[in-house]
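Here is a friendly walk through one protein model, written for someone who likes to see the geometry spelled out. Have a look at the structure first, and then read on.

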Amino acid sequence: MSERHQDYGNLQIDELNYNSYLNIPELTSLQQLRSEPRHHDEMFFIVIHQSFELWFKEVLHEIDLLAKHLDEGNVSRVLKVLKRIHAILTCLTQQIQLLGTLTPKEFSGFREALGTGSGFQSVQFREIEFALGLRDAWFFQFFKSHPDELARLQARCEQPSVYDKLLKTLKNIGHDIPDEVLNRDFAEPYVMNDKVVEVINDIYDAPQENYHMVLLFEALIDLDTMWSNWRSVHILMVSRTIGAKKGTGGSAGADFLESRLPLRFFPEIWEVRNSEWTK
Ligand code: HEM
């Protein structure tokens, strides 16, 4: 026996290793198919959704760090965190394409097994939207019988969003953000404000004085763009898989999802793109 093999022989069975550190046995026991008789493609469907949820968890972890750096006014750190979130969202937009390997007939073979299970009930997806700044109490209805999840969403709504924090940062560095914006009811949807448009416009207009802020605005536009890209690719995948049928969550399906496409996390940073710029 070689020395390497002898080394392996000395390992204790309960020693911390790849499988125990990552909880692989637990992780790989969580794919429980419900179709009867078992449909081959249900495994694929479960794995893709579970891996999305793991990445949503990581995105929320990063958003919480981003919020902390924003509170501290540390723009460089915010940019570093955004870089990672961008990379993950790029992957997730690619990942949804995997569903292109599922034909409509294959999906219909196990769709019944989902019952009323729907992306509407993804608490982490909704938390990401709420944390970044897109809040809508309409979605609470999907968590009525799940008090823990409802509490998580409500807690997000009590906190200022990433966008609220950005506006506070602008105020802290001397920009004229109105008090009614800073002291708004965070649980309510954000309403665009002309004065905020003016402030952001002025920063873009004098980039030499605030170049790090311009970079931050552009990175936030990237994030918004990536989220919309995900929405678009998801809609195409929905149309491809179930056509114009209703969703398992009870919505009109692709038509409903289309209605959410124009939503933006950072509305005034988009609005300034309508400005006529000085040279
Ligand atoms: C065959 C694949 C899929 C189909 C047919 C599908 C279909 C739908 C439909 C019809 C809706 C609207 C709500 C409803 O009535 O249920 C929806 C929403 C949603 N789906 Fe999917 N979906 C698929 C894959 C995925 C995947 C892989 C994810 C990843 C997590 C996902 C996440 C979501 C989310 C988060 C929503 C809520 C969107 C929002 O409120 O803006 N879906 N899906």
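Predicted model: local features only at pLDDT ≥ 70, side-chain atom pairs only at ≥ 80, totals over all residues.

## How the helices pack

Helix α4 passes α7 in a left-handed crossing. The axes of α4 (residues 40-71) and α7 (residues 123-132) come within 9 Å and cross at roughly 25°. An angle under 35 degrees counts as roughly parallel, and α4 and α7 are therefore roughly parallel to each other. On the α4 side the contact is made by E53, F56, K57, V59, L60 and I63, and on the α7 side by Q124, F125, E127, I128, A131 and L132. By class, the residues of this contact of α4 with α7 divide into 8 nonpolar, 1 polar and 3 charged.

Helix α4 has another partner in α9 (residues 162-172), where the axes come within 9 Å and cross at roughly 15°. That angle makes α4 roughly parallel to α9. The crossing of α4 with α9 is left-handed. Here α4 contributes I63, L66, A67, L70 and D71, while α9 contributes V162, K165, L166 and T169. The residues in the contact of α4 with α9 divide into 6 nonpolar, 1 polar and 2 charged.

A further pair is formed by α5 (residues 75-95) and α12, whose axes come within 10 Å and cross at roughly 15°. Helices α5 and α12 are therefore roughly parallel to each other, and α5 passes α12 in a left-handed crossing. From α5 the contact takes V75, V78, L79, L82, I85, H86, L89, T90, L92 and T93. From α12 it takes H212, L215, L216, A219, D222, L223, M226, W227, N229, W230 and V233. The contact of α5 with α12 has 15 nonpolar, 5 polar and 1 charged residues.

| Helix pair | Axes come within | Crossing angle |
|---|---|---|
| α4 and α7 | 9 Å | roughly 25° |
| α4 and α9 | 9 Å | roughly 15° |
| α5 and α12 | 10 Å | roughly 15° |

## The protein as a whole

What are these pairs part of? The protein has 14 helices and 0 strands. Its C-alpha trace spans about 70 × 60 × 40 Å along the principal axes. Of the 279 residues in the protein, 19% are buried. Among contacts with a separation of 6 or more, 69% are between residues 24 or more positions apart.

## Around the ligand

Which residues come nearest to the ligand? They are S118, G119, G247, G249 and S251, out of 26 residues around the ligand. The elements that give two or more residues to this shell are α4, α12 (211-242) and α13 (254-259). Helix α12 gives the most, with 5 residues. In the shell around the ligand there are 13 nonpolar, 12 polar and 1 charged residues.

## Some individual residues

L60 lies in helix α4. Is L60 buried or partly exposed? It counts as partly exposed, because it has 17 C-beta neighbours inside 10 Å, and a buried residue would need 20 or more. Leaving out residues up to four places away in sequence, L60 touches Q124, E127, I128 and A131. L60 and L263 are 203 residues apart in sequence, and their C-alpha atoms are 19 Å apart in space.

E198 is found in helix α11 (residues 194-205). E198 counts as partly exposed because it has 15 C-beta neighbours inside 10 Å. Between E198 and D224 there are 26 residues in sequence and 20 Å in space, taken from C-alpha to C-alpha.

Two backbone details are worth a look. Most residues other than glycine have a negative phi, and most peptide bonds are trans. N23 has a positive phi of about 55° although it is not a glycine. N23 lies in the loop between α2 (18-21) and α3, and N23 is exposed because 10 other C-beta atoms lie within 10 Å. The peptide bond from E36 to P37 is cis, with omega near -5°. P37 is found in the loop between α3 (24-27) and α4.

Conventions: Residues numbered from 1 in each chain as written. Axes fitted to C-alpha atoms, helices over the stretch in contact; angles between N-to-C directions. Helix = DSSP H or I, 4+ residues; strand = E, 2+ residues; numbered from the N terminus. Parallel < 35°, antiparallel > 145°, perpendicular 65-115°, else oblique. Left-handed = near helix turned anticlockwise from the far one by under 90°. Contact = placed C-beta atoms within 7 Å. Nonpolar A, V, L, I, M, F, W, Y, C, P; charged D, E, K, R; others polar. Near = placed C-beta within 6 Å. Buried ≥ 20, exposed ≤ 12 C-beta atoms within 10 Å, placed from the backbone.
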